[in-house]
Amino acid sequence: MAFALREPEHFTYGDILRSPDEVPMELIDGQVILMAPPSTRHQWIIGELYLQFGNFLRGKKCRAFQAPFGVRLFEQKEDTPDDVDTLVEPDLTVVCDASKIDRRGCRGAPDLVAEILSPSTARRDRLVKRELYEAAGVREYWIVDPDRESVQVYLLRDGTYLPPQTYTKDTPVPSEVLPGFAADLSTVFPEDLP
């Protein structure tokens, strides 16, 4: 990435937009994080979740987006790309306020995000991103664990996430943000996938 050699090493969304490289990356507090290509299992899981969310939301005001979809968690309306130093790409993003959606993704906190754990992202998803989503005001955060075939759901109350509820393959995962929706994990975690 051409701009990574510039000093000081605090980058902005503007730097990413000006970069000639098209490398998957996130930006957390001005630090660039390169993203490894997802596994087959990861892609299946996110695809299946996206189908379930998308089908449920058809004709409703909320919209579901599958990665890559840039979320500028703390961007304000008057900010320029050079003012933004945090950009994440959740595996699944649900936005219910259409004014937050623009041609580059989402400006501000989405209503729900889901991250699928992988060996290279598990620590960041469980700690760093959970804290970012909490601070930004993401109302519902799903952590999907392919190894345990489970989903942990964090709900925001008074600016803080409650201890998570854990769901397994045998139990549909309800969403507080989307009343009436429940993800069917039996199709999310099929037996025959590597």
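## Disulfide

A disulfide is a pair of cysteine sulfur atoms within 2.5 Å. Helices (H or I, at least four residues) and strands (E, at least two) are DSSP runs, numbered from the N terminus.

The torsion about the S-S bond of Cys 62 and Cys 96 is about 105°, so the disulfide is right-handed. Both Cys 62 and Cys 96 are buried, where buried means under 20% relative accessible area, exposed over 50%, and partly exposed in between (1.4 Å probe, protein chains only). Cys 106 is buried as well, with a relative accessible area of 0%. The closest cysteine sulfur to that of Cys 106 belongs to Cys 96 and is 10 Å away, too far for a bond.

## Basis of the values

The model is predicted: local features need pLDDT of at least 70, side-chain atom pairs count only at pLDDT 80 or more, and totals for chains, interfaces and linings use all residues. Residues are numbered from 1 along each chain as its sequence is written, and side-chain values use heavy atoms, with hydrogens and water left out.

## Overall fold and surface

The protein chain contains four helices and 14 strands. Its radius of gyration is 17 Å, close to the 16 Å that the globule rule gives for 194 residues, so the chain is as compact as a globular protein of that length. The radius is taken over C-alpha atoms, and the rule is 2.2 Å times the number of residues to the power 0.38. Along the principal axes, the C-alpha trace spans about 50 × 35 × 30 Å.

Of the 194 residues, 49% are buried. Among contacts (heavy atoms within 4.5 Å) between residues at least 6 apart in sequence, 55% join residues at least 24 apart. The accessible surface of the chain is about 10000 Å² (Shrake-Rupley method, 1.4 Å probe), and carbon and sulfur atoms account for 52% of this area. There are 22 positive and 33 negative side chains, and the centres of the two sets lie 4 Å apart. Lys and Arg count as positive and Asp and Glu as negative, while His and the chain ends are not counted. Each charge is placed at NZ of Lys, CZ of Arg, CG of Asp or CD of Glu.

## Backbone exceptions

Most residues other than glycine have a negative phi, and most peptide bonds are trans. Ala 67 and Pro 68 are joined by a cis peptide bond, with omega about 0°. Pro 68 lies in the loop between β3 and β4 (71-72).

Glu 149, which is not a glycine, has a positive phi of about 50°. This residue is in the loop between β9 (140-145) and β10 (150-157). Asp 158, also not a glycine, has a positive phi of about 50° and is placed in the loop between β10 and β11 (160-161). Asp 158 is exposed, with a relative accessible area of 82%.

## Segment after α4

Pro 190 lies in the segment after α4 (185-188) and is buried, with a relative accessible area of 14%. Leaving out residues up to four places away in sequence, Pro 190 touches Arg 41 and Trp 44. The C-alpha atoms of Pro 190 and Arg 41 are separated by 9.5 Å, although the two residues are 149 residues apart along the chain.
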